[in-house]
Amino acid sequence: QVRLVESGGGLVQAGGSLRLSCAASGRTSSLYRMGWFRQAPGKEREFVAAITWSGGRTTVADSVKGRFTISRDNAKNTVYLQMDNLKHEDTAVYYCAATTTGAPGRYDYWGQGTQVTVSS
């Protein structure tokens with residue numbers, strides 16, 4: 001089992017920045033990939049970014065490319081999402097996810113979510 005705890009959400013003005021953190025515990029030695037998703041009110045959950053745990057290979061959604069950066073600190077078992085030039089449409093609950101397999105798009109563990117609100 002892998003437990004994920006997100007932090008760093010909050011209220012920010014449009015154009016501002018926030019950094020989300022996701023700390024993993026448990027079977028972290030088995031981690032293959034970690035990612036960030038978000039869900040706005042009335043909308044489907046959408047992929048934001050992902051990073052492989054060993055090689056650090058990243059994937060970022062087109063909607064946030066150039067503004068959001070995903071990174072990880074293996075020593076701290078933590079993945080980060082640096083969000084710059086935030087827009088009102090970035091308002092959502094952001095979830096951290098992880099998987100111990102390489103199956104594309106598969107995530108087995110989820111955090112509780114952290115709210116990000118961008119005021120226009």
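1. Let's start with Arg67, which is buried at a relative accessible area of 9% (buried means under 20% relative accessible area, exposed over 50%, partly exposed in between, with a 1.4 Å probe and protein chains only). Arg67 sits in the loop between β6 and β7. Setting aside neighbours within four places in sequence, Arg67 is in contact with Gln82, Met83, Asp84, Asn85, Leu86, Lys87 and Asp90 (contact means heavy atoms within 4.5 Å).

2. A word on what you're looking at: this is a predicted model, where local features need pLDDT of at least 70 and side-chain atom pairs count only at pLDDT 80 or more, while totals for chains, interfaces and linings use all residues. Residues are numbered from 1 along each chain as its sequence is written, and side-chain values use heavy atoms, with hydrogens and water left out.

3. Now the fold. The chain has 0 helices and 11 strands, and reading along the sequence gives β-β-β-β-β-β-β-β-β-β-β. The radius of gyration is 13 Å, close to the 14 Å that the globule rule gives for 120 residues, so the chain is as compact as a globular protein of that length. For the terms, helices (H or I, at least four residues) and strands (E, at least two) are DSSP runs numbered from the N terminus; the radius of gyration is taken over C-alpha atoms, and the globule rule is 2.2 Å times the number of residues to the power 0.38.

4. Some overall figures. The C-alpha trace spans about 40 × 25 × 25 Å along its principal axes, and 43% of the 120 residues count as buried. Among contacts with a separation of 6 or more, 54% come from residues 24 or more positions apart.

5. On to the salt bridges: the structure holds 5 of them (a side-chain nitrogen of Lys or Arg within 4 Å of a carboxyl oxygen of Asp or Glu). One of them pairs the side chains of Arg38 and Asp90 at 2.9 Å, N to O. Arg38 lies in strand β4 (residues 33-39) and Asp90 in the loop between β8 (78-83) and β9 (92-99), so this pair ties together parts that are 52 residues apart in sequence. Both Arg38 and Asp90 are buried.

6. Back to Arg67, whose side chain meets that of Asp90 in a salt bridge too (2.7 Å, N to O). Asp90 is in the loop between β8 and β9 and Arg67 in the one between β6 (58-60) and β7 (68-73), so the pair ties together parts that are 23 residues apart in sequence. Salt bridges with shared partners join Arg38, Glu46, Arg67 and Asp90 into one network.

7. Glu46 is partly exposed, with a relative accessible area of 33%. Not counting residues up to four places away in sequence, Glu46 touches Phe37, Arg38 and Ser63. The C-alpha atoms of Glu46 and Tyr94 are separated by 9.6 Å, and these residues are 48 apart along the chain.

8. One more pair to look at: the side chains of Asp62 and Lys65 meet in a salt bridge at 3.2 Å, N to O. Asp62 counts as exposed at 67% relative accessibility, and Lys65 is exposed with a relative accessible area of 51%.
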